[in-house]
Amino acid sequence: MERAGYFTGLNEEDVKYEIREFQGHGKTLQVEVPVVTTEQLLQIAEGVKTASDHILKSFSVSELVRIIDEVIARLLDRDNLYRQKAEELLPIITGFDEEMVRLGLTSQLKTFRKPQLQRFLVEDFGNPLLLDDFQPRAKGGHSKAIGPGLMTHIWAGNVPALPLWSIVSSLLVKGGSIGKVSSAEPLFAGWVAKMIAEVEPRLRGCLAVVWWPGGDEEKESALFNASDLVFAYGGNEALTAIKNHVPLTTKFLGHGHKISFGLVSKESLNAKNAAETARLAAYDVMRFDQQGCYSPQFFFVQSGGQVSPKSFSQYVAHELAVFEKRFPRRALSKEEGAELFTWRQKEQMSVFSEQGKEVIGPDSGSWAVVYEPLKDFVLPSPLNRVVRIIEIEDFHEILPLLVPFRHYLQTAGIAASPENLFHLSSLLAKTGVTRISSLGQMTAPEAGWHHDGAWSLLDLVQMVDIEDNAEVYAEKFASYRD
Amino acid sequence: MKFKDQVVLVTGASRGIGAAIAKSFAAEGAFVIVNYLQNEKAAEEVVAACQALGGDAWAIQADVTVEEDVNRLAGDVLLEVGKIDVVVNNAFKAYQFDPENRKLAWDLKWEDVQEQLDGSLRAVHHMTQAVIPAMKKQGGGSIINMVSNLIARPVVPYIDYTTAKGALQSYSRNLAAELGAFGIRMNCVAPGLVYPTDASKHTKEDVKEMIISQTPLGRIAMPIDIVGPVLFLASEWAAFVTGQTIYVDGGFVMN
């Protein structure tokens, strides 16, 4: 039995815990999830707010960087108790392959060490001291960035360790936080909160991790009303419901469903590099079983290279088969399995009517590659290692296909020459794509990225300006005035 | 049921590749002797798995580098079941496969080499001596020695370990020449890096990626990959194969 959540200011005995059972890799795990009442939620929120105002805001940003760096160092240590728990329990909870979880944790955690955190800060603020004190501005006057007194986080469970992004961001800007875990992965956020309190006990009241059933209007309205900022991950319907509970005076930041894809140019398809290009493409598809917003759902592959798009799809198929042995896909729920089966049947039937189309994949359905010539539309993938490879001649051909996804596009993984990279990026920027990465890195955004085109830290703060005239005016009242 | 009523002795069979081999023989109906050094619980789990798979099994503790232990092991088996058809010499001296902290040539002591020779060559020698009389009497048998693809391509020069495995390959060829007259076959299986096993669990990802990038079949071997060639060499399908080494590494080495 593992207990999820973390909070101070309430007796644990007064809180009701709900038991959730997870099964994966032949093991069963029971997790106690704290289900707080509205009063308890508000009490926790009040405590966090007070701790945030009086304690967290008294820390310098460099002290906070040091504390986060220490938490991350502990999580990167394979002998650390929390790390061992994460490696052991997250595969059971999420169903993801143990090796994939282990490697995924390390690769994500690596992006939150001191140098990366500093880069993260400089990226958004230029001068991170803006978070500590009023800093002179080039235009004249001074400014200071104030983090939220209380920030509510609503996390999703699609990718392990996802809550780390927003926990780190809120800490860097000195925002007190209360987070709601996903019932699909309720543990990781609580561990991080406990570790922060262990590394710096004075911060013990600045972050709380709880759970309540999503959509509970009374709780959400009350908490959102008390928050300066609500930050949520989720499907678009869930986000709309959350947004409806957020009052006008509270800022809302939502990260909903996204669609990502890859572009493979003919220069990356010669005898030397085609297999490597395919391996990286397959890697991006395999990682987290395509559950991430950055996971590619289709690839546009240019003809005219030494290796044809059809052959490329066969290379990708082999790589997916190989990855299935090394990092087997998680077991699907009945519904997911049925959905995938129906999709596969439909695709296979269409092979008879659509010339040139090919569907490659094992009968087990653990992965599939659909190769097809260019049509006037493209369908998103049902995910879980299913990818569509579309042959194109000219990259301009894809632009009309992306129009329906305008508000959903996120990452484009590109295999192309430097000239084509920038040319394609200019085209894609107009379609709504907000991140361009190499193949093989689609699922590992770099520290300080602009998630869905937004600022990770800057969007969390409020700037306070002292205008130049106030300073000049104050001189009139100086004691040292001659 | 390819190995029904056959007696198969697998050394170092409580975990990793050895356990996978033992279970696969059991699934083909064999009576499997699960030899182990320390981990009785793991060995008993392998025995239970073998029985569940339709074969039978018996766990026997023995340190294969100690002659008396090996004689006791072979003696017990012969006493109880009367024959040994197949021996898989899979046990090896504990070795830390750590490319970053391996001993460099000029730091290597003779004792390091000796230890590995004891772990592979000496252990196989004792075992061979112990089973030859019975196999001669039976009119044949198959002995399979686990070596390593490092003997053909020392991509990481684990000098002591690989040298000992190389010696074992040479020993196998010589014995194959000598024992062919009695219908006893001796062959080697040379896996590449196998993951996951206890020996390889600390192998870093960049090493795996380096090997994968030069492996035509595009991945690292898993314990189950090693099983097929071992079963083949043990079976009558390989009745006319002796003194050979089969590389099981996805094409990393081609001989």
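1. Basis of the model. This is a predicted model, in which local features need pLDDT of at least 70, side-chain atom pairs count only at pLDDT 80 or more, and totals for chains, interfaces and linings use all residues. Residues are numbered from 1 along each chain as its sequence is written, while chains are lettered from A and ligands numbered from 1 in the order in which they are written.

2. Overall form of chain A. Chain A holds 15 helices and 18 strands; helices (H or I, at least four residues) and strands (E, at least two) are DSSP runs, numbered from the N terminus. The C-alpha trace of chain A spans about 85 × 60 × 45 Å along its principal axes. The radius of gyration of chain A is 24 Å, which agrees with the value near 23 Å that a compact globule of 482 residues would have. The radius of gyration is taken over C-alpha atoms, and the globule rule is 2.2 Å times the number of residues to the power 0.38.

3. Domains of chain A. Two domains are assigned in chain A: domain 1 covers 2-257 + 450-466, and domain 2 covers 259-438. These bounds come from an automatic or database domain assignment. Taken over C-alpha atoms, the centres of domain 1 and domain 2 of chain A are separated by 33 Å. In chain A, 14 residues of domain 1 are in contact with 11 residues of domain 2, where contact requires that the C-beta atoms of two residues, placed from the backbone, lie within 7 Å. On the domain 1 side of this contact, helix H4 (residues 98-109) of chain A gives the most, with three residues. The residues on that side of domain 1 of chain A comprise three nonpolar, eight polar and three charged. In this classification Ala, Val, Leu, Ile, Met, Phe, Trp, Tyr, Cys and Pro count as nonpolar, Asp, Glu, Lys and Arg as charged, and the others, Gly among them, as polar.

4. Helices H3 and H4 of chain A. Helix H3 (residues 81-94) of chain A packs against H4(A) at an angle of about 130°, with their axes 9 Å apart. This angle makes H3(A) oblique to H4(A). Axes are lines fitted to C-alpha atoms, for helices over the stretch in contact, and angles run from 0 to 180 degrees between N-to-C directions. Angles under 35 degrees count as roughly parallel, over 145 as roughly antiparallel, 65 to 115 as roughly perpendicular and the rest as oblique. A:Ala86, A:Glu87, A:Leu90 and A:Pro91 of H3(A) meet A:Glu98, A:Val101, A:Arg102 and A:Leu105 of H4(A). By class, this contact of H3(A) with H4(A) has five nonpolar, no polar and three charged residues.

5. Helices H2 and H6 of chain A. The axes of helix H2 (residues 61-76) and helix H6 (residues 163-172) of chain A lie 9 Å apart, and the two helices pack at an angle of about 155°. H2(A) and H6(A) are therefore roughly antiparallel to each other. A:Val61, A:Leu64 and A:Ile68 of H2(A) make the contact with A:Val168, A:Leu171 and A:Leu172 of H6(A). The contact of H2(A) with H6(A) has six nonpolar, no polar and no charged residues.

6. Overall form of chain B. Chain B contains seven helices and seven strands, in the sequence pattern β-α-β-α-β-α-β-α-β-α-β-α-α-β. The radius of gyration of chain B is 17 Å, close to the 18 Å given by the globule rule for 255 residues, so chain B is as compact as a globular protein of that length. Along its principal axes, the C-alpha trace of chain B spans about 45 × 35 × 35 Å.

7. Helices H1 and H2 of chain B. Helix H1 (residues 16-27) and helix H2 (residues 40-52) of chain B have axes that come within 8 Å and cross at roughly 25°. H1(B) and H2(B) are therefore roughly parallel to each other. The residues in contact are B:Ala19, B:Ala22, B:Lys23 and B:Ala26 of H1(B) and B:Val46, B:Ala49 and B:Cys50 of H2(B).

8. Backbone details. Most residues other than glycine have a negative phi, and most peptide bonds are trans. The peptide bond from B:Tyr195 to B:Pro196 is cis, with omega near 0°. B:Pro196 lies in the loop between strand E6 (184-191) and helix H6 (205-213) of chain B. A:Asn384, a residue other than glycine, has a positive phi near 60°.
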